[in-house]
Amino acid sequence: MPHAQIVDAIYQSSIRYELWSETLCSIVDYVGAVAGNIVYQAPRGRGSFLIPGRMREDLNSLYLQQYAQNPYARAYGTVKPGEVVLGNTMVDVAAVERSSFYTDICMPQNIHNQLFMAHASLHTSQEA
């Protein structure tokens with residue numbers, strides 16, 4: 001899908017929620033990634049959510065139930081809206097690779113790094 005069509009798909013998805021997964025898959029293909037998602041890491045006491053783009057459905061629930069507070073998520077909390085940051089520059093990669101989060105979520109999906117882009121509407125302090 002050409003760049004202009006992807007941008008149009010993003011705008012359409014902002015109006016029609018059900019288009020997000022397909023749009024994320026188009027973005028994933030365009031940039032040559034394995035998968036992508038939109039994640040809201042909720043402050044304590046609120047509900048996190050995940051919109052998958054070629055992520056394993058059976059692992060999405062596990063992620064939200066057990067791994068929403070993983071090293072990448074904590075690092076993501078420091079990214080300012082509008083910045084784009086490579087996740088492995090913000091975490092101890094060796095420690096992540098020894099974790100159950102990596103074994104249960106990352107390894108089965110061939111995820112070895114993450115690209116973070118914080119959007120102001122989904123970005124709140126995890127301390128709140």
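Predicted model: local features only at pLDDT ≥ 70, side-chain atom pairs only at ≥ 80, totals over all residues.
**View A. The largest pocket and the elements around it.**
The largest pocket has a volume of about 1500 Å³. Its lining is made up of 44 residues, and those nearest the centre of the pocket are Gly36, Asn37, Ile38, Leu115 and Met117. Several elements give two or more residues to this lining, among them the helices α2 (20-31), α3 (57-67) and α6 (100-106) and the strands β1 (36-40), β2 (49-53) and β4 (115-117). Helix α2 provides the largest share, with five residues. By residue type, the lining of the largest pocket contains 31 nonpolar residues and 13 polar residues, but no charged ones.

**View B. The cysteines Cys25 and Cys106.**
A disulfide is a covalent bond between the sulfur atoms of two cysteines. The structure holds zero disulfides. For Cys25, the nearest cysteine sulfur belongs to Cys106 and is 18 Å away. Because a disulfide requires sulfur atoms within 2.5 Å, the distance of 18 Å from the sulfur of Cys106 to that of Cys25 is too far for a bond. Cys106 is buried, and its relative accessible area is 2%.

Tyr102 is located in helix α6. This residue counts as buried because its relative accessible area is 9%, which is under 20%. When neighbours within four places in sequence are left aside, Tyr102 is in contact with Val96, Glu97, Met107, Pro108, Ile111 and His112.

How values were computed: Residues numbered from 1 in each chain as written. Heavy atoms only, no water. 1 Å grid on protein atoms, 1.4 Å probe; cavity = no way out; pocket = protein on both sides within 12 Å on 5 of 7 lines; lining within 4 Å. Points joined across faces, edges and corners; volume = space filled by probe spheres on them. Helix = DSSP H or I, 4+ residues; strand = E, 2+ residues; numbered from the N terminus. Nonpolar A, V, L, I, M, F, W, Y, C, P; charged D, E, K, R; others polar. Buried < 20%, exposed > 50% of the residue type's maximum accessible area, 1.4 Å probe, protein only. Contact = heavy atoms within 4.5 Å.
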